[in-house]
Amino acid sequence: MGKSFIHIVGLKKHFEMGGQIVRALDGVDVQIEEGTFTVVMGPSGSGKSTLLYLLGGLDRPTSGEIAIEGERLDQMDENALALFRRRTMGFVFQSFNLVTSMTALDNVAFPMQFAGVAASLRRERALKLLNQVGLGNRADHRPSELSGGQQQRVAIARALVNDPKLILADEPTGNLDTTSGSAIMHVLSDLHKAGRTVLVVTHDPRMTRFATHKIHLLDGHIVSEAEYEAAALEAMSVE
Amino acid sequence: MKFFDLLRLVIGNLSRRKARVALTAVGVVIGTAAVVILVSLAVGLQQTATDQLYGIGDLTQIQVSPSYGGEGMVVGPGGGGGGGGGFSASDEIKLLTNPVLDEFRAIPGVESVIPREYIMSGALMKFQKMESYVNVIGIGTNDVADLGDSAEQGSTELGRGRIVIGITVPQSFYDPNMRPGQEPPPPPELFDQQVQMIVFKYDSNGNEIRKNIALRVTGVLKETRGESDFTVYMPLDQVKLLNEWSQNRRFNYNKDGYSMVVVKVSDVDKVIEIADQITAMGFQAYTPQSFLEGINNFFIALQVIFGGVGAIALLVAAIGIANTMAMSILERTREIGLMKAVGATNRDVLAIFLGEAAGIGFLGGLGGVIIGWLASQAINVIAVAFLANQASESGGAPLSLVVSTPAWLPIFALVFSTLVGMFSGLYPALRAATMIPVLALKYE
């Protein structure tokens with residue numbers, strides 16, 4: 001068997017906060033196969049978001065290896081990372097991060113400008129993706145005219161625009177009500193079924209029902225599900 | 001990122017913050033307008049000055065005077081001779097003798113060499129009841145056209161008993177018997193008229209002796225706004241005879257030399273070079289061009305100084321742009337993070353923010369050029385009207401324009417203001433480009 005799609009070895013991310021060293025990730029090894037739906041669970045401060053941003057090349061590790069399709073992100077320069085993100089990844093954020101002055105269509109088409117895609121093609125592709133997430137009739141609306149669930153769907157459409165193999169979602173349902181949240185999960189699940197690799201960071205246990213793989217993080221370490229449950233119970237009993 | 005996409009994105013980003021962009025651009029508008037107006041003023045002043053100086057002489061002429069050596073020591077005609085073997089080169093007495101004139105003629109590019117002499121005793125010219133002390137010059141050619149002048153009336157040709165006068169000569173005539181308060185008579189019409197010229201000398205007892213000559217005005221010269229306007233031209237031989245009479249001695253031009261020689265050069269571009277050559281031969285060469293060059297240098301300095309004053313206003317505007325861009329980048333930190341997440345390189349981000357800063361500079365520059373140009377036109381209208389009033393009171397020539405905007409100025413101002421904008425945005429844009437994506441995305 002060759003190397004896995006995502007290959008993380010001894011990953012550490014330390015930073016200083018208030019004079020203390022915070023070990024957000026403290027030696028994490030992860031292997032993720034292509035075409036999987038992985039959910040990263042963990043309470044806040046467990047390092048799960050840090051893992052996602054390191055994986056997405058938006059942050060630099062203190063030490064350790066991160067490889068996607070055999071390419072070492074930790075050894076790339078800024079420019080190579082940007083090109084790699086453009087080619088390989090789509091991001092979905094908790095707070096959507098749409099550009100408020102742009103229409104839904106322009107928001108979806110936005111990343112293609114950096115890829116140098118022709119204007120007519122950008123429009124065509126963005127419209128197709130909006131249709132795919134069920135917002136074809138909202139293409140000319142600005143984010144302020146859309147509900148939270150709709151905004152997140154626009155964000156997902158944007159994440160898909162460069163046809164990435166990997167979708168990275170950071171608490172995609174965190175700002176949404178239950179119904180909208182589960183709708184978004186279904187959209188992400190559909191992407192997985194269509195063959196993409198999806199990695200979702202969440203602390204919402206309901207997400208796990210879509211997952212093919214689960215990673216549990218506690219204080220910067222990967223733990224087993226049993227340890228994770230035990231810790232959760234312990235936390236509840238303290239309360 | 002394609003240039004056209006970048007342009008569209010920049011325009012889109014600027015148009016979503018219209019008020020702030022406009023307020024920032026106002027600073028650039030003021031700065032650019034100041035540069036345009038002040039430089040236009042300097043250029044206008046230069047044009048006015050050179051227009052007025054236009055008459056200082058034919059630009060292809062070099063006026064050469066003899067050098068009497070020493071520290072300004074003046075040696076009268078006949079005092080030097082050809083000697084001076086003991087003098088050093090700089091002290092050497094150099095006279096404009098006929099052989100020297102032949103040397104001048106041999107210089108490549110010299111068209112003609114014309115000696116000239118004043119009437120040493122001064123000359124009074126009389127016509128009917130009016131008279132005038134005139135500037136009489138004898139020239140060593142029988143056609144005044146050789147000096148670059150042309151005739152308004154009659155011809156430029158000289159001959160014995162014939163004179164050619166400058167256009168303002170009649171205006172200097174007055175009636176010596178006019179009573180105070182009496183309306184002065186109009187200037188006489190002298191063309192084709194017989195006039196009297198009187199030259200003076202004094203005997204050993206101090207008694208005045210007059211010599212009276214009848215002359216016919218056979219030509220009036222076109223206006224040059226130079227020396228020829230108020231000069232009466234006669235053949236050199238006749239002036240020589242009058243001088244010999246008044247000085248009681250004979251002049252030998254081969255020995256004593258002429259008091260001045262006009263060297264006419266065929267090509268304007270060679271004037272300075274030939275003048276330098278003549279100076280190197282030990283003579284004093286004067287050309288209006290060297291004077292014009294000095295004037296032009298002065299006005300270029302003036303343009304730089306005026307432009308610099310305007311540039312200070314632009315500097316203030318530049319700080320405004322830097323401030324606006326820094327604020328904008330703070331507000332859009334998450335957007336910058338997003339751009340990086342979706343694959344924008346540092347260069348893309350840098351280009352976008354530099355483009356926005358340059359855009360503010362360009363918009364301000366455009367406004368400044370338009371306002372500056374309009375203001376220049378307004379100044380022209382007002383100032384020309386005002387100065388025309390003044391000129392009519394003081395009798396000077398009215399100005400045609402005060403402020404002049406050369407074609408290069410608006411283009412330069414526009415490019416410069418755009419560059420100022422870009423330069424001001426450099427630091428904020430660099431900060432934006434080098435932000436760590438994750439920190440930018442989490443920025444609150």
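The model is predicted, and local features are taken only where pLDDT is at least 70, side-chain atom pairs only at pLDDT 80 or more, whereas totals for chains, interfaces and linings use all residues. Residues are numbered from 1 along each chain as its sequence is written, chains are lettered from A and ligands numbered from 1 in the order in which they are written, and side-chain values use heavy atoms, with hydrogens and water left out.

**Sheets of chain A**

Helices (H or I, at least four residues) and strands (E, at least two) are DSSP runs numbered from the N terminus, and two strands are said to pair if DSSP finds at least two bridges between them. Strand S4 (residues 63-68) of chain A is joined to S5(A) by 2 bridges in the antiparallel sense, and A:Ala67 stands opposite A:Arg72 in S5(A).

Contact here means heavy atoms within 4.5 Å, and axes are lines fitted to C-alpha atoms, for helices over the stretch in contact, with angles from 0 to 180 degrees between N-to-C directions.

Another open sheet of chain A has 6 strands in the order S6-S7-S8-S3-S9-S10, with mixed pairing. Strand S6 (89-92) and strand S10 (221-223) of chain A each have a single partner strand, so one side of each is left without a neighbour in the sheet. Neighbouring strands of this sheet are turned by 25° against each other on average, direction ignored. Strand S3 (residues 37-41) and strand S8 (residues 197-202) of chain A pair in the parallel sense over 5 bridges, with A:Thr202 in S8(A) as the bridge partner of A:Met41. Helix H2 (residues 78-88) of chain A lies across S6 and strand S7 (166-170) of chain A, at about 80° to S6(A).

**Interface of chains A and B**

In the interface, 24 residues of chain B are in contact with 27 residues of chain A. The two chains bury about 2,200 Å² between them, 59% of it on carbon and sulfur atoms; buried area is the accessible area (1.4 Å probe) that two parts lose on being put together, summed over both.

A salt bridge is a side-chain nitrogen of Lys or Arg within 4 Å of a carboxyl oxygen of Asp or Glu, and by this rule there are 2 salt bridges across the interface of chain B and chain A. One of them joins the side chains of B:Asp348 and A:Arg86 (3.4 Å, N to O). On the side of chain B that touches chain A, the elements giving two or more residues are helix H1 (3-15), helix H7 (333-341), helix H8 (346-394) and helix H11 (437-442) of chain B. H7(B) gives the most, with 6 residues.

**Strands around S8 of chain B**

The table lists strands that pair with strand S8 (residues 208-221) of chain B.

| Strand | Bridges to S8(B) | Sense |
|---|---|---|
| S5(B), residues 151-154 | 3 bridges | antiparallel |
| S6(B), residues 162-165 | 4 bridges | parallel |
| S7(B), residues 194-202 | 9 bridges | antiparallel |

Within S8(B), B:Leu221 is the bridge partner of B:Ala151, B:Gly219 stands opposite B:Val164, and B:Leu215 is the bridge partner of B:Val195. The hairpin of S7(B) and S8(B) has 5 residues between the strands, and B:Gly206 takes a positive phi near 85° there.
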